[in-house]
Amino acid sequence: YLKADNTSETGLPASSHSEWAAKRLVWVPHVEHGFIAGSVLTDKTGEDEVVVELADKSRATVNKDDIQKMNPPKYEKVEDMAELTCLNEASVLHNLKSRYYSDLIYTYSGLFCVVVNPYKKLPIYTEKVVGFYKGKKRQEKPPHVFAIADASYRSMLQDRTNQSILCTGESGAGKTENTKKVIQYLAYVAGNQQPQQLTEAQRRPSGRRPSETFNSKVGLGNLCQGELEQQLLQANPILEAFGNAKTDKNDNSSR
C-alpha cells in the first residue's frame, strides 16, 4: 500500500531500456481511455502523420502533434512525477492510474502531493504507519500525507514560524478526510512529546488557591495523546455544521 512493485500497466510487455528505445513507444489519444500505448512503425520526414501499432496489434495513423512520448520502464509508478524524463499529460495520467490500481493513492509532484480518492479503507493510517514517518525526511519514505504533516511540524519547531498545509480539489476528492489525517498525525507527534516539568507557580494561575490547581494526571502539561487527538477531531463536526452542502459526489461536502 506504500511501495510500488514496478509492474507494467501499459498493456505492453515490460521491457528493458534498450527494448523501449527500439520500439519507440508513445501514447496515442483514445476516446474511451484518454491515452493508450503504441509503438511507432513509420515516421517519414516531412509528413505530419505516423503509423502506430497498438497493444492489440491493430494499426492507426495519427498526427505527430497528437502523440506523446513514453517514459523509460524505470519510471513506472515513480513516486515523484517531477523525475519523469517526458513530463506530459499522458505520462502523468498513466503514472497516477498505475499507482492507483496498486492502491498507491499518494504521489509527489515536486513540492505537491497528489491524492486520488480510493473510495475504500486502506491500512495506511495506523499508529505503526505514523511511527514509520515520524521524524523522517520526505525523500526517505514513500509519498504520504503523514510525510507532508511531519515536514510542516518539523519546520515549525526548527524555524519557529507558522506553517500552512493547503488541501485543494473537487468535491469528493478527499480534502476533509486528509485534513483529519493531518490532525491525527499532528496530535500524535505533539501528544507524544515529553511534557515539561511545571513549577508550582506555573501549575497554579494567578488568583487560584492550591486546591484549584490542575491535577497532575490531567494537567495541561500532561495531556495525553489520546485526549488531545480526540478533542481536535471532535471539533471538526462542529465546524462542518456551520457550512456544508450536497454535491453529486458528496452528500456532506465541507464548506
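Which residue forms a salt bridge with K180? The partner is E177, and the closest N and O atoms of the pair are 3.5 Å apart. A salt bridge here is a side-chain nitrogen of Lys or Arg within 4 Å of a carboxyl oxygen of Asp or Glu. K180 and E177 lie three residues apart in helix α5, so about one helical turn separates them. An α-helix has 3.6 residues a turn, so residues three or four places apart point the same way. K180 is partly exposed at 28% relative accessible area. E177 is partly exposed too, at 44%. Buried means under 20% relative accessible area, exposed means over 50%, and partly exposed lies in between (1.4 Å probe, protein chains only).

This is a predicted model, in which local features need pLDDT of at least 70, side-chain atom pairs count only at pLDDT 80 or more, and totals for chains, interfaces and linings use all residues. Residues are numbered from 1 along each chain as its sequence is written, and side-chain values use heavy atoms, with hydrogens and water left out.

Start with the whole chain. Its secondary structure comes to seven helices and nine strands. Helices (H or I, at least four residues) and strands (E, at least two) are DSSP runs, numbered from the N terminus. Of the 255 residues, 31% count as buried. The accessible surface is about 16,600 Å², and carbon and sulfur atoms hold 51% of that. These areas come from the Shrake-Rupley method with a 1.4 Å probe; for residues, only the protein chains shown count as cover. Take the contacts with a separation of 6 or more: residues 24 or more positions apart account for 47% of them. Contact means heavy atoms within 4.5 Å.

Now the sheet. Five strands form an open sheet, ordered β4-β3-β2-β1-β5, with antiparallel pairing. Strands β4 (59–63) and β5 (68–69) stand at the edges with a single partner strand each, so one side of each has no neighbour in the sheet. Two strands pair if DSSP finds at least two bridges between them. Strands β1 (residues 25–30) and β2 (residues 34–42) pair over six bridges. In that pairing, L25 of the chain stands opposite S39 in β2.

Just after α2, D103 takes a positive phi of about 65°. D103 also forms a salt bridge with K120, with the closest N and O atoms 3.1 Å apart. The pair links distant parts of the chain, 17 residues apart: D103 sits in the loop between α2 and β6, K120 in the loop between β7 and α3. D103 is buried at 19% relative accessibility, whereas K120 is partly exposed at 49%.

L122 also lies in the loop between β7 and α3. Buried or exposed? L122 is buried, with a relative accessible area of 10%. Leaving aside neighbours within four places in sequence, L122 is in contact with Y1, D103 and I105. The C-alpha atoms of L122 and L104 are 9.7 Å apart, at 18 residues along the chain.

The largest nonpolar core has 17 residues, of which Y133, F146 and Y185 touch the most other members. A nonpolar core is a set of buried Ala, Val, Leu, Ile, Met, Phe, Trp, Tyr and Cys residues joined through side-chain atoms within 4.5 Å. Elements β6, α3 (127–133), α4 (145–159) and α5 (175–191) each supply at least two residues of this core. The largest share, five residues, comes from α4. A second, separate core of nine residues includes V26, V50, V52 and L54.

Y185 touches V130, Y133, K134, G135, F146, A149 and D150, not counting residues up to four places away in sequence. D150 pairs with R154 at 3.3 Å, N to O. The two are four residues apart in helix α4, so about one helical turn separates them. D150 is buried at 1% relative accessible area, while R154 is partly exposed at 21%.
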